[in-house]
Amino acid sequence: MTTNPQTGRTPVPPSSLAGTPADAPVTDAAPRADRLHADGITVGYDDRVIARDLDVSIPDGSFTVIVGPNACGKSTLLRALSRLLKPSRGQVVLDGRSISSIPAKEVARRLGLLPQSSIAPEGITVADLVARGRYPHQTLLRQWSREDEAAVLGALAATGTTGLADRLVDELSGGQRQRVWVAMVLAQETPILLLDEPTTFLDIAHQIELLELCADLNRDRGHTLVAVLHDLNHACRYATHLIAMKDGAIVAEGAPGDVVTAALVEDVFGLPCRIIPDPVTGTPLVVPEGRPRRA
Amino acid sequence: MSAPVRDQVPTSPGVPDDGGHRRGFGRPTRVVRAFGGRVSLRLDVRTLAVCAALALVGLALGVVALTTGDYPLSVPQVLDALVGAADGPVRLVVVEWRLPRALLALVLGAALGTSGAIFQSITRNPLGSPDVIGFSTGAYTGALVVILVVGGGYAGVAAGALVGGVLTAAAVYLLAYRRGVQGFRLVVVGIAVSAMLASVNQWLVVTADLETAMAAAVWGAGSLHGATWAQAAPASVLAVLLVLPLAWLAPRMGLLELGDDAAAALGLRTERVRLALVVVGVALTALATAAAGPIAFVALAAPQLARRLTGAPGVRLLPAAVMGAVLLAASDLVAQRAFAPTQLPVGVVTVSLGGFYLVWLLVREARK
């Protein structure tokens, strides 16, 4: 599983199964200095191991995107990073401490997660839903402080949903609803945000809209973002750091321009393709070979 | 549905308009802050108003229960009796006969309504109420075993109901457990367990001798008839004790409704909170069943009726509790007075009402 894709450019050494310590990509900081990293974790459900001995570090201030084919373990890795899934071996470290040793509410003040499936209770308004993101900051006596109010306002404004605040979540379009869920996670005011396939049920325009929002959050507001995405071209365009996974192992990681090559895509997705520069951004654009349909 | 005024400039959750009301939650909201911000609360005005109105209705039903009957009394007479200034017979009728029954109806109704809200929230399903998912049936089984084997006695039957309800809940919880408990699985497993226990109950009654079977059937109908302080006092104290942890659990219950992942991501220990909620919910149902026998429908209907009145998202505990109290108090009045002097078991009244409600609910769910 340690196939090393031979890339045309200077490749960042892919971390192997054993976990080379050299996967801190470009910074010259000491290895493992990032706020969130996983050290040799083995994760899975019940007895089924999905990924073994993973070493991952999320560069501070990056927009990290995890890509890979279905069932490659990318969502599982994200769940482990968010401590929703406890690794059977190894540990996830947040700010120098094992994440499982930090009280759950304290973790939730530093690290937010937008899960794949969330349920909006029937009849809930947008502002009410976003306000629930404040739970980690609230106590039995302090249930609605001025900070809570300011955070909810800020989250609504940042996601462009201020005008929707009074509306019922049930009435919104898919794109609006996803922005509202992002607003709820933002109201949590965590420096690190994890997003599990945030664009999955959106049409193309809303996908781009959401990714632009994520990029803004990363660039302008300094959030460290980690997202699982299906669309490789979206990942190439918006990620500052890319992690490619296959069969529960990390095949390549680094800046998209450095790691995305035809060989890598063929290796990871089994898709023959060409890589051309994106005419808009210059980032790698994956064009599948397929068979020409017209003569 | 009276929608709040929408034609104003959309202000945000933080901005108070005149009078301290805040808009931006889509509903009138009042924020209370005290002690330099160390204490703060966000209150939903309509929910509070509905709860207050229902509490008044409950109180009025209590007054009706205390003043009417074979021996009609005026309100001043009842008040005299309550403060201990009445003479023998009035005191006896009010304090010893009517008050424990009226109090028990309100308290057990509130307990059932709360328990229903807990399970409907956990299962995210309006059918996920303790009387549907087998806890009441299990409590009946426990009581039956005591009646048939030991031969009854109030404390024994109550203990049997308690043990039966708790064991059934544990069985349903464990059978539905697979990497955590999911709502729909809990409902389906509960209905299956409930069906099995119902046939066990049937078998127990059929094989018993006639007199015992009659006693069992009377208990099984669920009645507040002949309730005394021996039941009302401990039941009320226990209900209050059981409700205390809900102050801590209620906001967490609202988060669980967002889904396990979202709740866990917000820092909730989901399984632990759910288990705590289940324990309190089962205890409240078992308490009501032990005191009065299985009373159906209140736990099922109260949370949903309250939700319709408040228009609040999800099921909430306090409105469900006061609605439950009103439902059971009203049902018990019907049971006492509708065919007087014949006394109906209150369980019969709630089951008849519940039949209509359940049909309506199923039709509505099926159309979704």
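Predicted model: local features only at pLDDT ≥ 70, side-chain atom pairs only at ≥ 80, totals over all residues.
Residues are numbered from 1 along each chain as its sequence is written, and chains are lettered from A and ligands numbered from 1 in the order in which they are written.

Let me begin with chain A, which has nine helices and 12 strands; helices (H or I, at least four residues) and strands (E, at least two) are DSSP runs, numbered from the N terminus. Of the 295 residues in chain A, 48% are buried, where buried stands for 20 or more other C-beta atoms within 10 Å of the residue's own, exposed for 12 or fewer, and partly exposed for the range in between, with C-beta atoms placed from the backbone. If we take the contacts in chain A with a separation of 6 or more, 65% of them are between residues 24 or more positions apart, a contact being two residues whose C-beta atoms, placed from the backbone, lie within 7 Å.

Now to strand S3 of chain A, residues 63–67, which is largely enclosed by the rest of the structure, because five of its five residues are buried. A:Phe63, A:Val65 and A:Val67 point one way from S3(A), whereas A:Thr64 and A:Ile66 point the other way. In a regular strand, side chains alternate between the two faces of the sheet. S3(A) runs parallel to strand S8 (residues 224–228) of chain A and is joined to S8(A) by four bridges, with A:Val65 opposite A:Ala227. Four bridges also join S3(A) to strand S9 (residues 241–246) of chain A, again in parallel, and there A:Ile66 has A:Ile243 as its bridge partner. Strands are taken to pair if DSSP finds at least two bridges between them.

Elsewhere in chain A there is an open sheet of four strands, in the order S2-S1-S4-S5, with antiparallel pairing. Its edge strands, each pairing on one side only, are S2 (48–58) and S5 (97–98) of chain A. Two bridges join strand S4 (residues 89–94) of chain A to S5(A), and A:Leu94 stands opposite A:Arg97.

What does chain A bring to its contact with chain B? Chain A gives 43 residues and chain B gives 35 residues. On the side of chain A, helix H2 (104–110), strand S6 (111–114), helix H3 (126–132) and helix H4 (146–158) each supply at least two residues, and the largest share, six residues, comes from H4(A).

Within chain B, helix H12 (residues 298–310) and helix H13 (residues 317–337) pack at an angle of about 120°, their axes 8 Å apart; axes are lines fitted to C-alpha atoms, for helices over the stretch in contact, and angles run from 0 to 180 degrees between N-to-C directions. The residues that H12(B) brings to this packing include B:Val298 and B:Leu305, and those from H13(B) include B:Met323 and B:Leu327.

Finally, is B:Gly88 buried or exposed? B:Gly88, which is found in helix H3 (residues 88–123) of chain B, counts as exposed because it has 7 C-beta neighbours inside 10 Å. The C-alpha atoms of B:Gly88 and B:His225 are separated by 22 Å, and the two residues are 137 residues apart along the chain.
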